[in-house]
Each structure stands twice: as structure tokens, then as C-alpha cells.
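The sequence and the structure are shown below.

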Amino acid sequence: MSYVDEVIESVVKRNPGEPEFHQTIKEVLESIRPVIDANEEFYRKDALLERLTEAERQVKFRVPWIDDKGQVQVNSGYRVQFNSAIGPYKGGLRFHPSVNLGIIKFLGFEQIFKNSLTGLPIGGGKGGSDFDPKGKSDREVMAFCQSFMTELYRHIGADTDVPAGDIGVGGREIGYLFGQYKRIRASYEGVLTGKGLSFGGSLARTEATGYGVMYLAHEMLKINGHDMAGKTVVISGSGNVAIYAVQKAQQLGAKVVTVSDSTGWVYDPEGIDVEALKEIKEINRARLTEYINYRPNAEYHEGRGVWQIPCDLAVPCATQNEMTIEDAKQLVANKCTAVVEGANMPVTLEATEYLQKNGVLFAPGKAANAGGVATSALEMTQNSERLNWTFEEVDSRLKQIMIDICHNMADAAERYGAPGNYVVGANIAGFEKVADAMIAQGIC
């Protein structure tokens with residue numbers, strides 16, 4: 001049995017009941033197999049893959065808090081610090097009922113390679129809780145965040161581990177978390193990113209992930225002889241990533257015709273109204289059923305179904321495994337040119353393989369949605385320097401980072417005999433940097 005196969009089998013056996021974690025391990029290790037096979041004896045002796053797939057540290061803790069009725073509630077909190085070979089742990093916090101240790105490990109492992117691809121000195125980590133901020137009052141969210149940070153603060157720091165936001169963790173939550181950290185530690189430091197502009201946040205951070213997705217999509221289309229202008233784009237999700245992916249796609253001359261949330265989806269043949277979407281989701285925190293009040297010619301549908309709409313570019317920005325093999329077949333039948341993952345692993349392995357076999361350009365999330373963490377790292381730099389950069393400066397740096405990621409993954413795929421396979425290219429490009437650092441630092 002090859003070294004790659006041995007490690008995959010071992011990881012699955014030692015981490016039962018964690019399908020998302022198994023999925024990312026298989027996807028990454030299979031795609032870097034050419035690198036491992038070429039250096040198998042050396043990597044095996046160094047147990048490099050065993051060390052890479054085992055988190056350096058994982059913490060689970062109790063989070064008690066009091067709701068508005070005076071009832072004590074208890075949630076689980078997590079922080080998985082996966083790999084610090086190239087810098088302090090960096091990765092978001094997710095507050096959602098679906099969160100469990102396996103989900104956090106999957107996200108943390110993906111983060112290693114995503115962070116490496118940015119070219120910035122940041123390692124991989126992830127955290128969160130099964131707490132659901134939806135339907136909670138501001139006071140309840142604050143009570144939870146303060147309790148969560150009362151344990152988390154022991155494990156993080158500006159040069160140790162710098163969390164950010166993710167699903168369920170926006171500016172409100174980051175503010176409460178930062179305030180509690182500052183209160184406990186009596187220290188004002190850049191320990192969290194995604195902060196408000198009045199207390200160390202970075203301009204363009206809100207837009208960064210969505211903008212980055214489209215910067216990479218634009219470059220990928222360009223190097224394959226296509227132009228973003230005039231393309232029809234189908235996007236899922238209606239959170240931060242989706243909203244700003246819609247905005248940037250429109251700025252690049254494309255027409256985005258769908259968005260979705262957990263209850264349904266919107267088809268607007270005239271193009272999604274970004275300002276209406278922002279008001280519904282960012283201000284009113286309402287459902288997409290409200291969209292037709294702003295755009296009467298649009299259609300609202302219950303359930304899921306965005307991938308049935310004919311498009312040139314499909315961008316899943318909601319959650320993991322949202323695009324299935326049946327969706328992939330529909331996209332191929334509709335002559336879709338490219339799929340770009342805006343969320344973390346939103347396309348199943350089966351669907352990914354089908355899209356690639358049928359000539360659809362495919363950009364994996366660890367490359368395409370790296371703009372958020374890249375700009376978080378730029379926020380860390382500004383905090384360290386006690387400076388604030390302009391929106392244009394941050395956006396310019398972000399754009400160049402995403403262009404570089406696109407070319408690096410394309411070049412890596414070419415070097416290892418898989419031209420155009422950007423899953424292979426992204427994983428290899430991210431792996432090489434981390435592996436070199438791990439080897440240089442000895443067995444640790």
C-alpha cells in the first residue's frame with residue numbers, strides 16, 4: 001500500500017464519524033500524490049503526512065450563558081490549531097447548529113493550504129460553536145460571546161492564534177469577542193480580525209472574500225481565453241461572501257441572476273439588485289422572500305434550485321457539499337464554462353470530478369475564497385504597524401494576491417503533469433510551502 005493510502009486509511013480509522021474531515025483529507029492527499037510518490041521514502045521516514053493530518057492542538061470547552069428569560073443555556077466551543085509551520089494559527093470562528101469537532105477539523109485542515117496559498121506568514125486553524133445567533137437578541141449574543149471568550153482567550157494571541165469571523169460571526173460578534181478579550185487580558189492587541197474600523201479593523205475586509213472570489217474567477221477565465229464581461233453568473237448564498245461576489249461580478253461586467261438562503265432562492269433575470277440584497281440581509285436580517293418586494297419581476301422559489309438556471313459561471317457561496325452530482329450534470333448540460341467555489345468545499349468530490357471530466361474549469365475554495373483570510377492577514381499587518389491603509393491600497397493588494405494564487409496553482413498543476421487541474425495545482429502549491437517549513441523546523 002502506498003504512503004498516501006496508508007495515511008488516508010489511518011486518519012479515517014482514528015477519526016470515526018467525521019465525514020467532512022475524511023473528505024478533505026482524501027481530496028488533498030489524493031491531489032498531492034504525485035509529490036508524495038516522488039519523495040515517498042523521505043516523507044515516510046519523517047512521518048510528514050501523519051504530522052500534517054494531526055492537529056497540533058484541539059480544544060473543546062463548555063460555554064454557559066443566560067438567555068433573556070433568565071434561563072441558563074449551555075453550548076460547546078471549539079478551537080482546532082492545526083498547523084503553525086509558516087506562521088501563527090489563522091482561521092475563522094463559526095457559530096451554527098451544525099458545528100461539531102469534525103466540521104472544525106475539516107475547516108482547519110483546509111485553512112492550512114488556503115493560508116499558504118496567500119503567500120503570507122499565517123498557519124491554519126479554525127474554531128466555533130453550535131450556538132445559533134439567529135433569533136437571538138443583541139444581549140443574548142453578547143452574553144454568549146463573552147462566555148465563549150472567557151475560555152478561548154487562554155489559547156489565542158496576536159503572535160499565537162488570530163481568529164476571525166465565519167458563518168454566524170460578523171462585526172457584532174467580533175466586537176463582543178474583542179471587548180471581552182481586552183477586558184480579561186488588559187491588553188489591546190490585534191488578536192482578532194474583522195474588527196470594526198473604529199478599533200483596528202481594515203477597510204475592504206467586509207468585501208474581501210467575495211471580491212477575491214471574483215478576482216480569481218476573472219483571472220482563471222482570462223488565462224483560458226474567456227472574458228468575465230457579458231457572462232451570466234449563478235451564485236448561491238446571500239451572506240457576506242455572496243453579496244460581495246455579486247457586487248464585484250457586476251463591476252467586472254457580468255450579470256448575476258440568482259442568490260439563495262436556507263429556505264429558498266431568487267431568480268432575477270434582470271440582474272440581482274445588490275443594494276436591495278444588502279438591506280434585506282445586512283440591515284433587516286430578513287429572508288429572501290422579501291426580495292420580490294423590491295424587484296417585482298424577480299421570482300422566489302422555496303427549497304434549492306439555483307443550479308438549474310443556465311449560466312456561464314457558477315459560484316457556490318453557501319455551505320459545504322451544497323452542489324451534488326445531479327447539480328453538476330445540470331450545469332454541464334447547460335454548457336457552464338466554469339465553477340468557482342466561494343464557500344469551503346461546497347462541491348462534493350463526485351460532482352467535482354464530473355465537472356472536470358466534462359471540461360468545466362474548476363477553482364477550489366482553498367484558492368478562490370482565500371481573499372478573506374488574506375485581507376485578515378493584511379489587517380494583522382496594519383495592527384502591528386499601528387497604521388490604517390486606504391480601501392484602494394488594501395483592495396489592490398488583495399487583487400494581486402488572488403492573481404498570484406491563480407497563476408501559482410496553474411503553474412503547479414502544469415509542473416506535475418495535470419495542466420488545467422486547479423484542485424491538484426492549489427493543493428500542491430499550498431503543500432510545498434508548508435512541507436518545506438515543517439522539514440526545516442525538525443520533528444515538532
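Is Arg 44 buried, partly exposed or exposed? Arg 44 is partly exposed, with a relative accessible area of 32%. The model is a predicted one, and every value discussed here is computed from it.

**Salt bridges**

Arg 44 pairs with Glu 40 through a side-chain salt bridge with an N to O distance of 2.8 Å. Both residues belong to helix α4 (residues 40-45), and because they are four residues apart they are separated by about one helical turn. Glu 40 is likewise partly exposed, its relative accessible area being 22%. In general, side chains of opposite charge can pair when their charged atoms come close.

Across the whole structure, 26 salt bridges are found. Three of them are set out in the table.

| Salt bridge | N to O distance |
|---|---|
| Glu 40 and Arg 44 | 2.8 Å |
| Arg 295 and Glu 270 | 4.0 Å |
| Asp 327 and Arg 304 | 2.6 Å |

In the pair formed by Arg 295 and Glu 270, the closest N and O atoms are 4.0 Å apart. Arg 295 sits in the loop between α12 (291-294) and β9 (299-302), while Glu 270 sits in the loop between β8 (264-267) and α11 (274-283), so the bridge ties together parts that are 25 residues apart in sequence. Glu 270 is exposed, at 51% relative accessible area. Arg 295 and Glu 270 also take part in a network of salt bridges that includes Asp 268 and Asp 273.

The side chains of Asp 327 and Arg 304 meet at 2.6 Å, N to O. This pair links distant parts of the chain, 23 residues apart: Asp 327 lies in helix α13 (residues 325-333) and Arg 304 in the loop between β9 and β10 (313-316).

In soluble globular proteins, nonpolar side chains tend to be buried together. Here the largest nonpolar core holds 100 residues, of which Leu 49, Met 214, Ile 235 and Phe 431 touch the most other members. Helix α18 gives the most to this core, with ten residues. Apart from it lies another core of 23 residues, including Leu 93, Tyr 153, Ile 156 and Leu 177.

With residues up to four places away in sequence left out, the contacts of Met 214 include Met 228, Val 233, Ile 235, Ala 245 and Lys 248. Ala 249, Leu 252, Leu 313 and Val 315 are also among the residues that Met 214 touches.

**Pocket and cavity**

The second largest pocket has a volume of about 290 Å³. Its lining comprises 20 residues, and Glu 27, Leu 349, Thr 352, Gln 356 and Val 423 lie nearest the centre. Helices α2 (19-31), α14 (349-357), α15 (365-368) and α18 (422-440) each supply at least two lining residues, with α2 giving the most, at five. By class, the pocket lining divides into seven nonpolar, six polar and seven charged residues.

One cavity of 30 Å³ or more is counted. The largest cavity has a volume of about 40 Å³, and its lining consists of Asn 15, Phe 21, Thr 53, Glu 54, Ala 55, Gln 58, Phe 82 and Lys 105. Three of these cavity-lining residues are nonpolar, three are polar and two are charged.

Note on methods
Residues are numbered from 1 along each chain as its sequence is written. This is a predicted model: local features need pLDDT of at least 70, side-chain atom pairs count only at pLDDT 80 or more; totals for chains, interfaces and linings use all residues. Side-chain values use heavy atoms; hydrogens and water are left out. On a 1 Å grid over the protein atoms alone, a cavity is a set of points where a 1.4 Å probe fits but cannot get out, and a pocket is an open set with protein on both sides within 12 Å along at least five of seven lines; lining residues have an atom within 4 Å of a point. Grid points are joined across faces, edges and corners, and a volume is the space filled by probe spheres set on the points. Ala, Val, Leu, Ile, Met, Phe, Trp, Tyr, Cys and Pro count as nonpolar, Asp, Glu, Lys and Arg as charged, and the others, Gly among them, as polar. A nonpolar core is a set of buried Ala, Val, Leu, Ile, Met, Phe, Trp, Tyr and Cys residues joined through side-chain atoms within 4.5 Å. Buried means under 20% relative accessible area, exposed over 50%, partly exposed in between (1.4 Å probe, protein chains only). Contact means heavy atoms within 4.5 Å.
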